[in-house]
Amino acid sequence: LNIKTECRITPPHEDSCAQRPITIYNPTENWELQANAVGAMYQSEITIDIPPTSTLAEITGFWFTEPYSGAEATITINNPTGRRIGIEAIHGTEAFACQGM
């Protein structure tokens, strides 16, 4: 099950999530995204694709827990279900974690 997506590597390491597209298809109930390193998702393009037949009611949230971990990132949620999908929380807990989002 796709319950959590984590980005824990600081750029410019090649395995960092920074400055790249990230697509999550059909997240489950209680799914969450965590960026746990300095600049981990800096300028990332995060896309959540929810299929038309999904019964998803709520995404647990997005956590950006280090400086610049989500700075200048974009989050797009494609939801063709016709229903509202809740987002429990979006947290930027350190300096500039969500700057320019």
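The secondary structure of this predicted model comes to 0 helices and 7 strands, where helices (H or I, at least four residues) and strands (E, at least two) are DSSP runs, numbered from the N terminus. Colour the chain by element, and from the N terminus on you can follow the order β-β-β-β-β-β-β. Residues are numbered from 1 along each chain as its sequence is written. Since this is a predicted model, local features need pLDDT of at least 70 and side-chain atom pairs count only at pLDDT 80 or more, while totals for chains, interfaces and linings use all residues, and side-chain values use heavy atoms, with hydrogens and water left out.

Stay with the whole protein for a moment. Its C-alpha atoms fill a box of roughly 40 × 25 × 25 Å, taken along the principal axes. Of the 101 residues, 39% count as buried, a word that stands for under 20% relative accessible area, with exposed meaning over 50% and partly exposed in between (1.4 Å probe, protein chains only). Residues 24 or more positions apart account for 82% of the contacts with a separation of 6 or more, contact meaning heavy atoms within 4.5 Å.

Strand 2 is joined to strand 4 (residues 45–49) by 5 bridges, and the two run parallel.

Now turn to the aromatic side chains, of which the structure holds 2 pairs; rings of Phe, Tyr and Trp (its six-membered ring) pair if their centres lie within 6.5 Å, and planes under 30 degrees apart count as stacked, over 60 as edge-to-face and the rest as tilted. Select W31 and F62, whose ring centres are 5.8 Å apart with the planes at 80°, so this pair is edge-to-face. W31 lies in the loop between strand 2 and strand 3 (32–35) and F62 in strand 5 (residues 58–64), so the pair ties together parts that are 31 residues apart in sequence. Both W31 and F62 are buried.

For the other pair, select Y68 and F96, where the ring centres are 5.2 Å apart and the planes at 15°, so the pair is stacked. Y68 sits in the loop between strand 5 and strand 6 and F96 in the segment after strand 7 (86–92), 28 residues apart, so that distant parts of the chain are linked. Y68 is partly exposed, with a relative accessible area of 36%, and F96 is also partly exposed, at 47%.

Move on to L33, which has its place in strand 3 and counts as buried at 0% relative accessibility. Show T5 beside it: L33 and T5 are 28 residues apart in sequence and 4.8 Å apart in space, C-alpha to C-alpha. Leaving aside its neighbours within four places in sequence, L33 is in contact with T5, M41, I46, G61, F62, W63 and F64.

The last stop is S16, in the loop between strand 1 (4–7) and strand 2. S16 is buried, with a relative accessible area of 3%. Beyond its neighbours within four places in sequence, S16 is in contact with I9, T10, P11 and A40.

Key: Two strands pair if DSSP finds at least two bridges between them.
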